Every structure is written in C-alpha cells, then in structure tokens.
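Colleague: I have the structure open on my screen and would like to go through the labels with you. Could you tell me what stands behind each one?

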Amino acid sequence: MITVKQENVNGIPILEVVSTESINKTLPTVVFYHGWTNFKESSLVHGYEIARKGFRVLIPEAYLHGERSQGAPVNERSMEFWDVVQHSLVEFPTIIDYYVKAGLTDQNRIGVSGLSMGGVTTSALLTHYPWIKTAVVLMGSPAPIPFSKWLLTSKWQQGVEIDFESEQFAPAIESLKAISLDLQPEKIDGKFVHFWHDEDDDLVPYQPTFDFYKKIKDQDYGQYVSFTTTEGHGHHVPYMISVETAEYFNKHL
C-alpha cells in the first residue's frame, strides 16, 4: 500500500509518497518537480510508480504554483519562469536536509526528476549539487539560454514581442550560465542521468536535448547517460514513461 502525506518544510508544501510499511524507515529518496502552470498533485502518478519501487518520493509545490500562488495566474507570468526554477534550486537542499536529519532519507541515495519545467529544474540541479546520484529528465531542456530564446517566441509567451538580444536581457542571460548543464556537462561525471523526450513536443523542443545527448554520450563523463525517444505524445508524459522512470531509479539508485 502507498501512503500520500501532505507535508510542509520551511514553508514549502510537499506531497510525500511512500510505501506504508516503510514510512518511518531511512529510504533512498527522489524529489520530483512538476511542470509550468501545474501543481504538485498533478505528478502523483509519477510519484506513485517510483514509490512502489521502495523509494520515498517528495513532490514540492513550485514557487507561484498551486498553494504558493500569488497575484496574477502563473500562466500570465511567463517572464518569471526562471525565478520559479531558481527558487527550486535554493529550496532543494533545504528539503533534503530536513528528511536526512529526520532519519527518513539516505543521504547517499538521492535522486531527482521532473517533467517540462521540472525537467529543466532537474538539469539545473545537476550543475549545483554533486551529491545527486541519479536523475531523470522528462521533456526538459539542459540548455537554458537557447531554450529561453525559443521560449520567448513560443506559445508559452502570450503574444508579447520581445527582443532577447537587447541589452536589457544581458544580466539575465549571464545568470543562466551558472545553471546551464550544456555549458558544464562534466558536472554529470559519475552520475546516472536519463532523458526522455517526444519528437512531437511543441512546448519544449526535442532536437536540442537530443543533440546535447549525442554530444556527451561518448565522453568519459557521459558514460552513464541514456535517452529514450518516442513520437506521437507531444508535450505529455505517457504512463509507460512513468513506469520506465521508476524502473530506472530502481536500477540506478
């Protein structure tokens, strides 16, 4: 039986998904991040499948989303996309530290995953926290700067014309370099990292992520990287990929 608990860690609402019989044990732990305009409950299928494999799964509510909404709806605040990601980067160690100190998380077996914006967040986390052992990126980009340029001309941006090359964006572009996995791919050395992306995704482009994989897969630091390609699902994670994600963590975490 799987238990779903509502938790709050330093003001961060979290869904904790875990096998009922192991609820008080020290377990390998996966933090799973939901997508843009979604909420933590929308990722319960992924959390359930991973938890079935014996993991504690933590699904945080992203900044400006769900219980943390404030002001205008988040779908009208696309310019704050990277603020949301940055909040998750800062909050991640706080969440892990809480569960490690509570004796519920094995600090040597920590994984991270997420879909869409959560996949972007997962890639960014790999640039900051060397103690992450395993990661699964679901339709997320490891290249924040090229993705941002595309983002501002996509259907995510609601008809506002923006010149990404203008000087006003220079500081923002510079700040993205620190979380750009494509600019520091050696950070994945020794980690198990898996990507899934659908060729027909029209919200987060498939090709740049696949090109990144092809570039690093034969490097020494990329020896544990893998990639699954599907077609016909668009910007939607099919159930079979939720199962594949859980199996990947079961094998490599």
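Predicted model: local features only at pLDDT ≥ 70, side-chain atom pairs only at ≥ 80, totals over all residues.

Colleague: What makes a positive phi worth a remark?

Modeller: Most residues other than glycine have a negative phi. Leu-64 is another residue with a positive value, its phi being near 75°. Leu-64 sits in the loop between strand E4 (56-60) and H2.

Colleague: And is Leu-64 buried or exposed, and how do you know?

Modeller: The relative accessibility of Leu-64 is 2%. Buried means under 20%, so Leu-64 counts as buried.

Colleague: What about Val-9: why is it called buried or exposed?

Modeller: Val-9 belongs to strand E1 (residues 2-9). With a relative accessible area of 1% against a limit of 20%, Val-9 is buried. Beyond residues up to four places away in sequence, Val-9 touches Ile-14, Thr-94, Ile-95, Tyr-98 and Tyr-99.

Colleague: Which residues does Ile-12 contact, and how buried is Ile-12?

Modeller: Ile-12 is in strand E2, and its 3% relative accessibility is under 20%, so Ile-12 is buried. With neighbours within four places in sequence left aside, its contacts are Glu-7, Pro-60, Glu-61, Arg-68, Glu-91 and Ile-95. Ile-12 and Ile-95 are 83 residues apart in sequence, yet their C-alpha atoms are 8.4 Å apart in space.

Colleague: How do you know to what extent H3 is covered?

Modeller: By counting its buried residues: 9 of the 9 residues of H3 are buried, and the helix is mostly covered. Among them are Met-117, Val-120 and Leu-125. The buried residues of H3 pack against E3, helix H2 (81-101), strand E5 (105-115), strand E6 (134-138), helix H4 (144-151) and strand E7 (192-198).

Colleague: What makes a group of residues a nonpolar core, and how many residues has the largest one here?

Modeller: The members are buried nonpolar residues joined through side-chain atoms within 4.5 Å. The largest such core has 49 residues, and those with the most contacts inside it are Phe-81, Trp-82, Val-85, Phe-92 and Leu-125. H2 gives the most to this core, with 9 residues. Another core, of 22 residues, lies apart from it and includes Ile-2, Val-17, Phe-55 and Phe-192. In soluble globular proteins, nonpolar side chains tend to be buried together.

Colleague: Which residues does Trp-82 touch?

Modeller: Leaving out residues up to four places away in sequence, Trp-82 touches Val-120, Pro-144, Phe-147, Ser-148, Leu-176 and Ile-179.

Colleague: How many aromatic pairs are there?

Modeller: The count comes to 17 aromatic pairs. In one of them, the rings of Tyr-206 and Phe-210 have their centres 5.5 Å apart and their planes at 15°. Centres within 6.5 Å make a pair and planes under 30 degrees apart count as stacked, so this pair is stacked.

Colleague: Where do Tyr-206 and Phe-210 lie?

Modeller: Both are in helix H6 (residues 206-216), 4 residues apart, about one turn of the helix. Tyr-206 is buried, since its relative accessible area of 8% is under 20%. Ring pairs also link Tyr-206 and Phe-210 into a cluster with Phe-195, Phe-212, Tyr-213 and Phe-227.

Colleague: Finally, how many cavities of 30 Å³ or more does a search find, and what lines the largest?

Modeller: A search of the whole structure finds 1, and about 30 Å³ of space lies in the largest cavity. Its lining includes Tyr-33, His-34, Pro-60 and Glu-61. H3 gives the most to that lining, with 3 residues. By class, the lining has 4 nonpolar, 4 polar and 1 charged residues.

Definitions and conventions
Residues numbered from 1 in each chain as written. Heavy atoms only, no water. 1 Å grid on protein atoms, 1.4 Å probe; cavity = no way out; pocket = protein on both sides within 12 Å on 5 of 7 lines; lining within 4 Å. Points joined across faces, edges and corners; volume = space filled by probe spheres on them. Helix = DSSP H or I, 4+ residues; strand = E, 2+ residues; numbered from the N terminus. Nonpolar A, V, L, I, M, F, W, Y, C, P; charged D, E, K, R; others polar. Buried < 20%, exposed > 50% of the residue type's maximum accessible area, 1.4 Å probe, protein only. Contact = heavy atoms within 4.5 Å. Phe/Tyr/Trp six-rings, centres within 6.5 Å; stacked < 30°, edge-to-face > 60°.
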